[in-house]
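Please keep the sequence and the model side by side as you read.

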Amino acid sequence: MKKIIMKNKAAIASVCLAASFVFGSGTTAIAAEASNGPNAGKVGLGYEGIFGGSILQGLSGRYWVNNNVAAEVNFFYGNATVSGINFIANKLDGDLLLGTAKVMFSPVVKPHSRFYVGIEGGLGSINLEADGVGTPGDVGVYVVNPLIGSEFSFAEIPELGFNFEVGYKFHHIDYTNDANVGDIDIDLNGIAIALGAHYYF
């Protein structure tokens with residue numbers, strides 16, 4: 001009887017030891033997986049497009065310094081043509097070049113996704129023509145954009161990251177050095193939605 005009890009104790013101890021090893025290692029693996037977000041420490045190159053508030057397409061570079069902190073630079077180009085403004089010109093045509101820089105902090109990191117908050121700032125210029133003739137003066141654009149966003153990837157292609165962002169953009173357009181018209185300041189503010197995709201190396 002004593003031997004049976006001893007054997008049972010030994011068996012129970014062995015089962016407990018095995019269970020603690022299995023569950024302990026599993027918990028460690030899950031914790032390690034959860035703490036390592038996608039593409040940390042990698043540089044991603046790709047596309048960023050603004051679809052809400054205005055429409056701009058651009059090249060983008062994003063770098064996750066670690067699991068929680070990232071930086072991004074974007075270069076946008078846009079063209080707009082307005083016809084029938086007879087009191088100014090029959091046709092106005094403008095090309096916009098805009099460069100922005102963004103910093104992001106991610107308080108929520110999962111194996112295939114992140115939620116982040118950030119701030120973006122940018123400078124640009126507009127080349128404006130009236131009826132095919134360049135207008136005098138310089139047109140500058142300044143942008144500030146506090147935002148929230150998420151980036152996610154698929155397990156099958158973890159090096160490809162997709163992002164979705166919503167922010168409130170403050171646009172300031174400054175038209176200067178035109179002696180005929182004088183200086184013009186325009187503020188355009190509103191909600192902006194951006195989509196992007198980056199391939200990480």
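## Contacts around L160

Two residues are in contact when they have heavy atoms within 4.5 Å of each other. By that rule, and leaving aside neighbours within four places in sequence, L160 touches F152, S153, H198 and Y199. L160 sits in strand β8; strands (E, at least two residues) and helices (H or I, at least four) are DSSP runs, numbered from the N terminus. L160 is partly exposed, with a relative accessible area of 23%, where buried means under 20%, exposed over 50% and partly exposed in between (1.4 Å probe, protein chains only). L160 and G46 are 114 residues apart in sequence, yet their C-alpha atoms are 9.5 Å apart in space.

This is a predicted model: local features need pLDDT of at least 70 and side-chain atom pairs count only at pLDDT 80 or more, while totals for chains, interfaces and linings use all residues. Residues are numbered from 1 along each chain as its sequence is written, and side-chain values use heavy atoms, with hydrogens and water left out.

## The chain as a whole

The protein chain has 1 helix and 9 strands, in the order α-β-β-β-β-β-β-β-β-β from the N terminus. Of its 201 residues, 32% are buried. Among contacts between residues at least 6 apart in sequence, 58% join residues at least 24 apart.

## Nonpolar cores

A nonpolar core is a set of buried Ala, Val, Leu, Ile, Met, Phe, Trp, Tyr and Cys residues joined through side-chain atoms within 4.5 Å. The largest one here has 11 residues: I50, L56, F76, L96, L98, V139, V141, V143, I173, Y175 and A194. Strands β4 (91-110), β7 (138-154) and β8 (157-176) each supply at least two residues of this core, and β7 gives the most, with 3 residues. Apart from this core lies another, of 6 residues, including W64, A70, M104 and L147.

## A nonpolar surface patch

On the surface, V43, L45, Y63, V65, V69, F105, V108, F115, V117, I148, Y199 and F201 form a nonpolar patch with about 1,000 Å² of accessible area together. Such a patch takes Val, Leu, Ile, Met, Phe, Trp and Tyr residues with over 30% relative accessible area and no salt bridge, their side chains joined within 5 Å; a salt bridge is a Lys or Arg side-chain nitrogen within 4 Å of an Asp or Glu carboxyl oxygen. Areas come from the Shrake-Rupley method with a 1.4 Å probe.

Methods: Patches are made of residues with over 30% relative accessible area and no salt bridge: like charges are joined within 9 Å, nonpolar side chains (Val, Leu, Ile, Met, Phe, Trp, Tyr) within 5 Å.
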